[in-house]
Amino acid sequence: MRLKKRIPVIDQGDKLGFWGGKFGGNFVPETLKKPIEDLEFQFNKLKNDKSFIRERDKYFKNWIGTPTRFIKLSNLTKHIGGAQIWSKVVSDANGGAHKIYNATVHCLLAKRSGKKVIIGDTGAGYAGKMLSMAAKKFGLKCKIFMGAKDIERQQPNVRAMKKNGADVIPVYTGSKTLVDAVSECMRYWVANCDTTAMCVGSTVGPAIFVRICGWSTSQISRELKAQLIEQFGSVPKKLKLYNCVGGGSSSFGFWNEFMDYSKKQVEFIGVEAGGPTKSKKHAAPLTYGSKIGILHGAAQYVNQNSEGQIEETESISAGLDYPGISPLHCFLKDTKRARYTAASDEEALKAYQIVTKYENLRPSLEPSHAFSVAIKEAKKLSKDTIVVINSCGDAYKDKKILEKKLGKKYAKSN
Amino acid sequence: MLNPISLAFKKSKKENRPALLTYTVAGDSSKKQSLEILKSISKYADILEVGVPHNTPVADGGQIQTSSYRAIKNGILMTDVFKIVKNYKKSKNSKPIILMGYYNMIYQFGENKYLKECKKSGVNGLIVVDLPWPENRIFSKKCKKNSINFIQLLSPTTSYKRLKGITKDSHDMIYYISMLSTTGGKLKVSPNKILQNYNKIKNISPKKNCVIGFGITEKTISKFKSADGLVVGSQICKEITRSLNNRQNPVINVSKMVNKLKKKLS
């Protein structure tokens, strides 16, 4: 299995949509074949269409707000005393997270194909919140599927979705989290694909959704590359990019532009959710060696039992609480381009405390996982190493959990 | 020699009616009871579809999900599904069995091992909901080699080009999904429109037995008498749930229901 150079990773799949011959694909009911083919045709055409790219860039710039900040965390760097620690503050983006890029592109595509309704899944509520924002912006009706357990623990985002006029549909099946929300959303699409567009909230699902999402979030690394060159004159000789990985949309977007650099120069570190220290459950299929299986239309490493039933996950961060992982990350793991590890709930919380103590930055629980590993590793790295952590979400949505786990002091906003 | 599935269609054609196909989930509500249900409905049904429960079913509506979760909760394993089929096949006037499920269950079991077990236990056909054409080409060939019918699915969204390719690669039986819906949805398209699409398929491949599924219930079944076969699933699963809630015997109630369905066809 090899990663090709000078070809975007999203375009390195084979005819049937498999990366490395085995990850991804289209394991979907017959009914969805046609709408997926239509979307593929539309996207393949538009992704090279100059007027479409201009339109995308216009909304990215004026509405989402690009570029998001690239800042040095000087106090933290001093406290840790190793590599230089920087952050790409993607939570600056309109709505407060990277999910806005994918949501915007899907709405642009839906508009062009004449669809009136767009549906989507959500875990932490970000994907749903952003889709509801974009749908409102582009005049589309919006339905968001969300696990009942996530609705309970991510109330601020639920309120935001409703305020944007979206129907939030609670999903009570299975573990009542993201995995069930995605299933329910796909089922709804099976029944309504003639009138409705579907947005999958991460780089997961049938191959076309993986590609569209990866293409959209790659905005993050396009900005970062320019910012690095502006700051250092060139892409640094020792650069390490840390990102949390749930479905894998923010990390893929954070890395994409640097794919062709050697991993000696630009190393990618993906941090999965290890779950509570005391629990055997986790959401880290790459770190803990889960087997390949089929989930939501794609072959991937996925938490499952020996029978092939998908296993329940456990993580403090709803956004990482997914038993599978993007086929793109399976591909990056097996080609050894990226390295994957996990942080536990407790480690993420501790990292959140450290970051908020030293910096005017409040990463949500998802990027706190990445901060945890970055802080640990930065200690042992040389001063000329540049560590960048993608702060892809803001902790406002985690207020309830932070209050419960750390007390009121930590839940206050900056 | 004709395979048992084709024979079942031949027999119903002789009686001038569509074949009646039922769908129940293996292990619902228990391993023993699901076997009893299969045995008792054999008097009326021509072909029995047996669902292999999976916990992330992307094409099933509420009723079949409920049945599947119930079966999984009761601890059903793949090996139990084969045992149920094997025991059923030992019973008097057993009918052809089609296993229906999602690809991950086959993938984890191993395709070759799975087919070997199918053969050993007496499975006659397979429907794999999320392994569409052309992705299923290799697996369907393997099925054929093992004398197991791989049943291709067609839907209202299937393009003409796909229709031709799929029917060409199909075995003796094809399954037409009547409308855009998960299983258990209400019929939202007129029976005439459905039969029009059905006839399109029959024109392209007149020799293949084509069944219609999704939205077929006691209420709607008699409107489709011109089809080769009709599948009733969700309504039966719902009847099992209803019986359990009312502390009645699902075996008796389901059997009664299938008897009624059969009467509506003759």
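Which residues have the most contacts inside the largest nonpolar core? In this predicted model, local features need pLDDT of at least 70 and side-chain atom pairs count only at pLDDT 80 or more, while totals for chains, interfaces and linings use all residues. Residues are numbered from 1 along each chain as its sequence is written, chains are lettered from A in the order in which they are written, and side-chain values use heavy atoms, with hydrogens and water left out.

A nonpolar core is a set of buried Ala, Val, Leu, Ile, Met, Phe, Trp, Tyr and Cys residues joined through side-chain atoms within 4.5 Å, where buried means under 20% relative accessible area (1.4 Å probe, protein chains only). The largest such core has 215 residues, and the most contacts inside it belong to A:Ile118, A:Leu241, B:Leu99, B:Tyr114 and B:Leu126. Helix H4 of chain A (residues 99-112) gives the most to this core, with eight residues; helices are DSSP runs of H or I, at least four residues, numbered from the N terminus.

Chain B and chain A also meet in an interface. The contact (heavy atoms within 4.5 Å) takes 38 residues from chain B and 34 residues from chain A. About 2,900 Å² is buried between the two chains, 55% of it on carbon and sulfur atoms; buried area is the accessible area (1.4 Å probe) that two parts lose on being put together, summed over both. Three salt bridges are counted between chain B and chain A, a salt bridge being a side-chain nitrogen of Lys or Arg within 4 Å of a carboxyl oxygen of Asp or Glu. A salt bridge joins the side chains of A:Lys33 and B:Glu135 (3.0 Å, N to O).

Terms used: Buried < 20%, exposed > 50% of the residue type's maximum accessible area, 1.4 Å probe, protein only. Helix = DSSP H or I, 4+ residues; strand = E, 2+ residues; numbered from the N terminus.
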